[in-house]
Amino acid sequence: MANECEGDKKLSFRMDVRVDKVLEGGAYDAKLVNVEQRETKFGDRLMWTFEVDGEDAEVVGFTSMSPSTKAKAYQWAAAIADEIDPKLGWGPEDLIGGECVVVLEAAEDAQGTEKNKVVKVKPPRKDKLAA
């Protein structure tokens, strides 16, 4: 005889809730939590995810995949890693967990929702390292 209760099992789960708050434009101490390649309508881009210190907020910025030292990706990586050997290049493993300062702007996305946009990444504040 088949177990009639088998089809009645209810799956239960609990979701954490993250409130995406929009921070005022300006400079914030942050840590890089991820950088990954993403296919966008503008082609392959790098998506950089930063955790903003003391704000319980994550902010995202996009850069091209250009290897040029003048490109935003190189400039952001150099700000986080301090120094990049041109012969070795860099990868996510060299940067994730790195401290920096992110400069944010508030902008509207394609759906008209206000969100933060990373416009610049700078080296961490020197006085923060001494603390």
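Ala, Val, Leu, Ile, Met, Phe, Trp, Tyr, Cys and Pro count here as nonpolar, Asp, Glu, Lys and Arg as charged, and the others, Gly among them, as polar. The views show a predicted model, in which local features need pLDDT of at least 70 and side-chain atom pairs count only at pLDDT 80 or more, while totals for chains, interfaces and linings use all residues. Residues are numbered from 1 along each chain as its sequence is written, and side-chain values use heavy atoms, with hydrogens and water left out.

**Lining of the second largest pocket, by residue class.** Eight nonpolar, three polar and one charged residue make up the lining of the second largest pocket. Its volume is about 200 Å³ (the space filled by probe spheres set on grid points joined across faces, edges and corners). A pocket is an open set of points on a 1 Å grid over the protein atoms alone where a 1.4 Å probe fits, with protein on both sides within 12 Å along at least five of seven lines; lining residues have an atom within 4 Å of a point. The residues that line the second largest pocket are Val-35, Glu-36, Gln-37, Leu-46, Ser-64, Met-65, Ser-66, Pro-67, Ala-73, Tyr-74, Trp-90 and Pro-92. Two or more of these residues come from each of β1 (26-40) and α1 (72-81) (DSSP runs numbered from the N terminus: helices H or I of at least four residues, strands E of at least two). With three residues, β1 gives the most to this lining.

**Centre and lining of the largest pocket.** The largest pocket has a volume of about 910 Å³. It is lined by 26 residues, of which Val-60, Phe-62, Asp-109, Lys-115 and Asn-116 are the closest to its centre. Strands β2 (43-52), β3 (57-63), β4 (99-108) and β5 (114-122) each supply two or more lining residues. Divided by class, the lining of the largest pocket holds twelve charged, eight nonpolar and six polar residues.

Antiparallel strands β1 and β2 are joined by ten bridges and form a hairpin with two residues between them. In this part of the sheet, Glu-39 stands opposite Asp-44 in β2. Strands β2 and β3 are joined by seven bridges, again in the antiparallel sense. Leu-46 has Thr-63 of β3 as its bridge partner. The hairpin of β2 and β3 has four residues between the strands, and Gly-54 in its turn has a positive phi of about 70°.

**Pairing of β1, β4 and β5.** Six bridges connect β1 with β4, which run antiparallel. Here Ala-30 has Cys-100 of β4 as its bridge partner. Strands β4 and β5 are antiparallel and pair over eight bridges, with Lys-115 in β5 the bridge partner of Ala-107. Five residues separate the strands of the hairpin of β4 and β5, where Gly-112 takes a positive phi near 85°.

**An aromatic pair of two tryptophans, Trp-48 and Trp-90****.** Three aromatic pairs are found in the whole structure. One of them joins Trp-48 and Trp-90, with 5.7 Å centre to centre and 40° between the planes, and is tilted (rings of Phe, Tyr and Trp, for Trp its six-membered ring, pair if their centres lie within 6.5 Å; planes under 30 degrees apart count as stacked, over 60 as edge-to-face and the rest as tilted). Trp-48 belongs to strand β2 and Trp-90 to the loop between α1 and α2 (92-95), so the pair ties together parts that are 42 residues apart in sequence.

How values were computed: Two strands pair if DSSP finds at least two bridges between them.
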